[in-house]
Amino acid sequence: MSSPPVPVDFPVTYLEGAAILQVPVRLTVLEAVSFKQTCQNLIQADSPPKQIFIDFQNTTFMDSSGLGSLVGNFKNSQEKGIKVTLRYVTPQVMAVLNLTGLDQVFPIESLQQLPPINTDKTTDPGKNNSRKPEPLPQTHPSVASWMKRVIDIVGSLVGLVITFILLIPIAISIQIDDPGPIFFKQTRCGWMGKRFAIWKFRSMCVDAEARKSQIKNQVEGAFFKNDNDPRITKVGNFLRRTSLDELPQFWNVLKGEMSLVGTRPPTPDEVERYEVPEWQRLDVKPGMTGEWQVNGRSKVRSFEDVIRLDLKYQENWSLVYDLKLIFKTVTILFHKNSGAV
């Protein structure tokens with residue numbers, strides 16, 4: 001895990017019973033922890049404000065941690081009956097909200113609806129209003145790498161050819177063992193927390209999701225694993241051991257929702273349990289393989305280990321490093337202890 005972030009001051013002013021919290025130029029993990037704590041102090045005050053305005057007029061960069069703190073503050077405020085409204089949202093921040101669909105969730109007031117705020121750091125909001133839409137934030141070099149994207153496209157096309165070749169025998173095996181759908185669809189969170197549908201060959205019984213609450217979680221933290229999960233079918237056990245169940249994810253890679261190499265794609269319920277620093281793992285695209293795959297994914301027993309491996313990938317990333325991880329993945333696919341995610 002990384003060292004604790006240095007606290008950052010967030011100016012708060014009051015206007016007619018409403019608290020106005022100004023966000024700095026950048027909202028990354030260094031600022032996000034303080035941002036969440038400042039909102040918590042407002043919410044838990046003896047006389048909390050009836051409404052909190054979060055002012056983004058100076059903010060030109062927000063990463064996954066910043067987004068996570070914003071989501072957390074919004075949920076905590078709702079629980080206390082305090083309305084949270086975003087104001088003076090810059091194009092850079094709006095691009096992130098559009099990506100994740102949060103522009104349809106957060107109340108966002110236009111400039112015409114808002115009175116001016118007298119603060120030393122206030123800039124002319126009209127300038128923000130006239131800006132052209134900004135590109136999405138480059139939270140990590142891998143996200144902006146066109147060569148990585150080319151490798152993903154070529155690799156996914158090759159992978160889909162293999163998938164089509166194996167589709168019929170795998171489909172027949174699944175049907176004979178446990179009649180039902182051939183594919184399993186599940187919602188996962190990708191880059192910046194954007195949700196997408198991940199595809200796999202079904203390796204569990206048809207009512208697996210409904211029975212999940214009955215299965216003991218053998219790991220610690222915000223993810224789920226059980227080595228002897230009774231929901232896994234006989235054919236499913238083979239598919240998982242050989243990672244053949246993950247072949248349909250080449251479609252996710254081709255669409256750009258995933259990469260061949262990246263971090264483990266979490267489920268929405270896992271993300272809801274994240275603390276602000278843990279959102280850093282969403283600064284890169286999730287991958288079909290990665291550090292967690294080649295370092296004994298079946299042996300990972302705590303969320304701390306998942307975060308450590310994901311941050312290790314982000315710190316060491318290069319195209320050569322990706323190719324090394326792909327090669328290592330191929331060499332361990334049929335290892336009896338490779339396990340499944």
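## Leu15 and the model

Leu15 sits in strand β1, which spans residues 12-15. Helices (H or I, at least four residues) and strands (E, at least two) are DSSP runs, numbered from the N terminus. Leu15 is partly exposed, with a relative accessible area of 37%. On this scale, buried means under 20% relative accessible area, exposed means over 50%, and partly exposed lies in between (1.4 Å probe, protein chains only). Pro49 is 34 residues from Leu15 in sequence, yet their C-alpha atoms are 9.9 Å apart in space.

This is a predicted model: local features need pLDDT of at least 70, side-chain atom pairs count only at pLDDT 80 or more, and totals for chains, interfaces and linings use all residues. Residues are numbered from 1 along each chain as its sequence is written, and side-chain values use heavy atoms, with hydrogens and water left out.

## The chain overall

The chain has 13 helices and eleven strands. Of its 341 residues, 51% are buried. A contact means heavy atoms within 4.5 Å. Among contacts with a separation of 6 or more, 74% join residues 24 or more positions apart.

## Nonpolar cores

In soluble globular proteins, nonpolar side chains tend to be buried together. A nonpolar core here is a set of buried Ala, Val, Leu, Ile, Met, Phe, Trp, Tyr and Cys residues joined through side-chain atoms within 4.5 Å. The largest such core has 38 residues. Phe35, Ile54, Phe56 and Leu97 have the most contacts inside it. At least two core residues come from each of β2 (18-22), α1 (29-43), β4 (51-55), α2 (64-79), β6 (83-87), α3 (91-100) and α12 (303-316).

What does Leu97 touch, leaving aside its neighbours within four places in sequence? Its contacts are Met62, Leu67, Leu70, Leu86, Val89, Leu102, Asp103, Phe106 and Ile108. A second, separate core has 24 residues, including Ile182, Phe196, Val294 and Tyr313.

## Helix packing

Two packed helices are described by the angle between their axes and the distance between the axes. Axes are lines fitted to C-alpha atoms, for helices over the stretch in contact, and angles run from 0 to 180 degrees between N-to-C directions. The axes of α1 and α2 come within 8 Å and cross at roughly 10°. The two are therefore roughly parallel (under 35 degrees; over 145 is roughly antiparallel, 65 to 115 roughly perpendicular, the rest oblique). From α1, Val29, Ala32, Phe35, Lys36, Cys39, Gln40 and Ile43 meet Ser65, Gly66, Ser69, Leu70, Asn73, Asn76 and Ser77 of α2. This contact has six nonpolar, seven polar and one charged residues. Ala, Val, Leu, Ile, Met, Phe, Trp, Tyr, Cys and Pro count as nonpolar, Asp, Glu, Lys and Arg as charged, and the others, Gly among them, as polar.

Helices α6 (residues 146-177) and α13 (residues 319-332) have axes that come within 10 Å and cross at roughly 25°. That makes α6 roughly parallel to α13. Met147, Lys148 and Ile151 of α6 make the contact with Leu319, Asp322 and Leu323 of α13. Here the residues divide into four nonpolar, no polar and two charged.

## Aromatic pairs

Rings of Phe, Tyr and Trp (its six-membered ring) pair if their centres lie within 6.5 Å; planes under 30 degrees apart count as stacked, over 60 as edge-to-face and the rest as tilted. The count comes to five aromatic pairs. Phe74 and Phe106 form an edge-to-face pair, 4.8 Å centre to centre with 90° between the planes. This pair links distant parts of the chain, 32 residues apart. Phe74 lies in helix α2, and Phe106 in the loop between α3 and β7 (108-109).

Phe74 counts as buried at 11% relative accessibility, and Phe106 counts as buried at 5%. Elsewhere, ring pairs link Phe183, Trp199 and Phe201 into a cluster.
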